[in-house]
Amino acid sequence: QCILVCPVGAIHEKEHIEEVWHAIFDPSKFVVVQDAPAVRAALGEEFGYPPGTLVTGKMLAAVRRLGFDRVFDTNFAADLTIIEEGHELLKRIKEGGVLPMITSCSPGWVKFIEHFYPELLPHLSTCKSPHQMLGALVKTYYAQKVGVDPKDMVVVSVMPCTAKKFECNRPEMNGSGYKDVDYVITTRELAKMIKQAGIDFASLEDGYYDDPLGEYSGAGTIFGATGGVMEAALRTVYELVTGKTLERLEFTAVRGLEDIKEAVVPVEGLGELKVAVAHGLGNARKILDRIKDGSADYHFIEIMCCPGGCVGGGGQPLPVNDEIRMLRARALYQEDEKLRIRKSHENPSIKKLYEEFLGRPLGEKSHQLLHTRYTARRKF
Ligand code: SF4
């Protein structure tokens, strides 16, 4: 028997389709599905659409036909991540915390730093990745709202990612008191389920997300492309600090497939915010080595494990190359441009979540449900 071990969990390729069908057909279970931003920009390729076709509406109609009880959007939790991470960054800057702070929403990347640069773990934001935040909220906030016992809930995440299969089984991912996310299936696995169910994808009328964990901003959508988390964070951090409206929302310096991108953003009240974006673990290594030798003079760094970010994730349709990655990313940026709300802190459902349940960013409930810790692991 040949066992392939990937140090960052990115080829943790066991399928979970059977388990998900089981949950759907179990009448005692309340089964919730969420999908990551990059999924909607690539799923269509499995049904003959050209790369870069956004199939959000058909995807939502398809998952409803599969029998899920509620359909929520990981984009909602991407907005929430920006609120928590933005406040964490400002706290570190104001109180002299560990800088540069590095994003933590890519589990392949998180596993990499745990194995190969454990001495730099204090640089990682403590924010959970968005789908884990959403899982924790479904089994607390939403369960209370609809009066369902969280022990009867099953949360399924449709992700572009194979590393998230490992992530959802990390023992610390149980802030709700239950396993926050029960199963992760990839974009390819979702396509397989749709085909198994005999659904004619092309003829589906557009479906919709359920409230309140389905509302999202353009900033949440662009999380799926390298540089997207940084751009979303800059939109919010700028307005939080200055109290002024950002006139131009596009930070084009952090877009595209260049290995490492840098930007210096003047923010009244902070001076300058120096940021960098890296995708792919080779580029991550370069930045980490610069942190170690003291030459990485940044406040905030975004690192994504997969080349191109999640649009090029290991669970996405094949083949993939830079042209396809760019087309998928372009679809997300185009969606962002069309949305009325394009900043995470302006998402009305996020505001309501803090008013009704969380209290404040970085508060006690946030720490319990939305933040995590890391483990130094042995080098391979
Ligand atoms: Fe997963 Fe890759 Fe996206 Fe990281 S960049 S979350 S490993 S798909």
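In strand 4, Met153 is the bridge partner of Phe30. The model is predicted: local features need pLDDT of at least 70, side-chain atom pairs count only at pLDDT 80 or more, and totals for chains, interfaces and linings use all residues. Residues are numbered from 1 along each chain as its sequence is written. Helices (H or I, at least four residues) and strands (E, at least two) are DSSP runs, numbered from the N terminus.

**Sheet**

- Strand 1 (residues 30-35) pairs with strand 4 (residues 153-159) in the parallel sense over 6 bridges; two strands pair if DSSP finds at least two bridges between them.
- An open sheet is formed by 4 strands in the order 2-1-4-5, with parallel pairing.
- Strand 2 (70-73) and strand 5 (183-186) are the edge strands, each pairing on one side only.
- On average, neighbouring strands of this sheet are turned by 25° against each other, direction ignored.

**Helices on the sheet**

- Helix 1 (residues 17-25) lies across strand 1, strand 4 and strand 5, and runs at about 120° to strand 5.
- Helix 8 (residues 187-196) packs on the sheet and touches strand 4 and strand 5, its direction making about 85° with that of strand 5.
- Axes are lines fitted to C-alpha atoms, for helices over the stretch in contact, and angles run from 0 to 180 degrees between N-to-C directions.
- Two residues are in contact if their C-beta atoms, placed from the backbone, lie within 7 Å.

- The 15 residues of helix 10 (residues 228-242) should span 21 Å at 1.5 Å a residue, and its end C-alpha atoms are 21 Å apart, which agrees; the expected span is 1.5 Å times one less than the number of residues.
- Helix 10 is mostly covered, with 11 of its 15 residues buried (20 or more other C-beta atoms, placed from the backbone, within 10 Å of the residue's own).
- The buried residues of helix 10 include Gly228, Met230, Leu234 and Tyr238.
- Their cover includes helix 4 (74-95), helix 9 (218-221), strand 6 (260-267), strand 7 (271-279) and strand 8 (300-304).
- Gly243 follows helix 10 and has a positive phi, near 70°.
- Helix 4 has 22 residues and reaches 31 Å from its first C-alpha to its last, close to the 32 Å expected at 1.5 Å a residue.

**Ligand shell**

- The ligand is surrounded by 15 residues, the closest being Ser106, Gly108, Cys161, Cys306 and Gly313; a residue counts as near if its C-beta atom, placed from the backbone, lies within 6 Å.
- Helix 5 (107-116) and helix 7 (163-167) each supply at least two shell residues, and the largest share, 3 residues, comes from helix 5.
- The shell holds 10 nonpolar, 4 polar and 1 charged residues; Ala, Val, Leu, Ile, Met, Phe, Trp, Tyr, Cys and Pro count as nonpolar, Asp, Glu, Lys and Arg as charged, and the others, Gly among them, as polar.

How values were computed. Buried ≥ 20, exposed ≤ 12 C-beta atoms within 10 Å, placed from the backbone.
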